[in-house]
Amino acid sequence: MPTFQYNAIDDQDNPVSGQIESPDQQQAQQALDAQGLKSIEFVVLSSSDGSDLVEHEETASEEMVTAILLSDVESQQLIESLAQLTEAGLPLADGFEAAAAESTSKNLRLAFAYIAERLNAGEPLEQILSNSRIELPTSVATMIHAGIRSRQLPEVLSELLEIDTWQKDYWQGFWSALSYPIIVGGLTLVIIDLMGLFVMPSIYSSILKLFDDFEMEMNFDPAILDTTHISWTLLSLLGILVLYMLKLAIGNIYWTRLKRAVPVIGSIFWWNSTLDFVTKLRLLVSQGIPLPRALHELQTSLEDPLYASLASEWARQVEEGQSLSTVLANSIDVPFSVVPLLSWGEQNNTVDRSLRDAATMFQDRMLLKREVVRYLFQGLIVLAVIGCILWLYTRAIMSLTVMFDLIRNLTG
């Protein structure tokens, strides 16, 4: 009777491995199901006569293995673990087994357990990551596979980790800078709507009712109290909904161009996309990948859909003999400040260095722009709050004037 080696997970998503004897693979699967185990891989160790079944093993793996699809966050955690283990020189198999035991993500536990198992079986790490079993986001997979081909995987992992860490820190600081103005602005809109839609109309209605009850002559036009108020909160939410519908209508590429045209903060999105482009291009070029091929591979690794759509056209023009600096100089979608740096690198055969300098330049720009946005939005929100206070003051003075007129009429 054939013996099957299996990897599975129990009902608490813990990895389980072992061996089971069964007449065929289907019955082995049914036996695991009866034990509450969900198999993710079957390997035939031996047949009833003791011979190895290599061909059957490959077929079983293809049929029974479910790909482990990792999200962007999970792939980042996988890269962090890979980078830490490869740089520290620790035993990879033991490290991944420990990571599988500590991970709170089901997919990561499966990925770590699978890598550890294959490492213990003597399979090289590069071959494991090249296997389609672990499906990484294309933006990460392209870089990792390039590192595998160039035999510079540890360096690639370290660079990917550095890039992602910087971007995370930057955007965390960016949204932290905007959080105070957004919160204060939102509360201001709610207070204005509360006063304009409920409090003030109630006060004015009571005043006018008193005039009617005592049949007193009004020395003012009651229409001034019957002012229509717009709900700024609902108007803001409607604006957000309109922008979302617009994004769906025009598509990601035109939406990217629209974001770049937003005053003040649009340039941040543009520079961030350019930073992603020059950084990943440098990462590929530094591994000896020809420039046209590197541009082709960027189609699946860039986060900006506009740059990803343009990469193939740029690659075609470079293959035709144009320099990349000339190609980018003719594109309105790339900041022109990249062109002189890239041109200098092409002339001196130091494209890698020029792309690194361009990335540093855009990082510095983004950091400076973030501080500008921080102080600008804080100033704008102060002016908005002062304007709201003046509006409330004007409405309060109006109601007090009417109240004084009412009191004077009642006291005769």
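**Reading the labels**

Visitor: Why does Glu-371 count as partly exposed?
Guide: Its relative accessibility is 27%. Buried needs under 20% and exposed needs over 50%, so a value in between is partly exposed. Bear in mind that this is a predicted model.

Visitor: Why does Arg-374 count as partly exposed?
Guide: Arg-374 has 24% relative accessibility. That also falls between the 20% and 50% cut-offs, so partly exposed is the label.

Visitor: What makes Glu-371 and Arg-374 a salt bridge?
Guide: Their closest N and O atoms are 3.2 Å apart. The cut-off is 4 Å, so the pair qualifies. Both residues sit in helix H15 (residues 351-410), three residues apart, about one turn of the helix.

Visitor: What makes Glu-159 and Arg-282 a salt bridge?
Guide: The closest N and O atoms are 2.5 Å apart, and the limit is 4 Å, so the pair counts. Glu-159 lies in helix H8 (residues 153-213) and Arg-282 in helix H10, so the bridge ties together parts 123 residues apart in sequence. Glu-159 and Arg-282 are both buried.

Visitor: Why does Glu-320 count as exposed?
Guide: Its relative accessibility is 54%. Exposed means over 50%, so Glu-320 passes. Glu-320 forms a salt bridge with Arg-316, at 2.4 Å from N to O.

Visitor: Why does Gln-287 count as buried?
Guide: Gln-287 has 9% relative accessibility. Buried means under 20%, so the label holds. Gln-287 is in the loop between H10 and helix H11 (291-297). Its contacts beyond four places in sequence include Ala-146, Ser-150 and Val-156.

Technical notes: Residues numbered from 1 in each chain as written. Predicted model: local features only at pLDDT ≥ 70, side-chain atom pairs only at ≥ 80, totals over all residues. Heavy atoms only, no water. Helix = DSSP H or I, 4+ residues; strand = E, 2+ residues; numbered from the N terminus. Buried < 20%, exposed > 50% of the residue type's maximum accessible area, 1.4 Å probe, protein only. Contact = heavy atoms within 4.5 Å. Salt bridge = Lys/Arg side-chain N within 4 Å of Asp/Glu carboxyl O.
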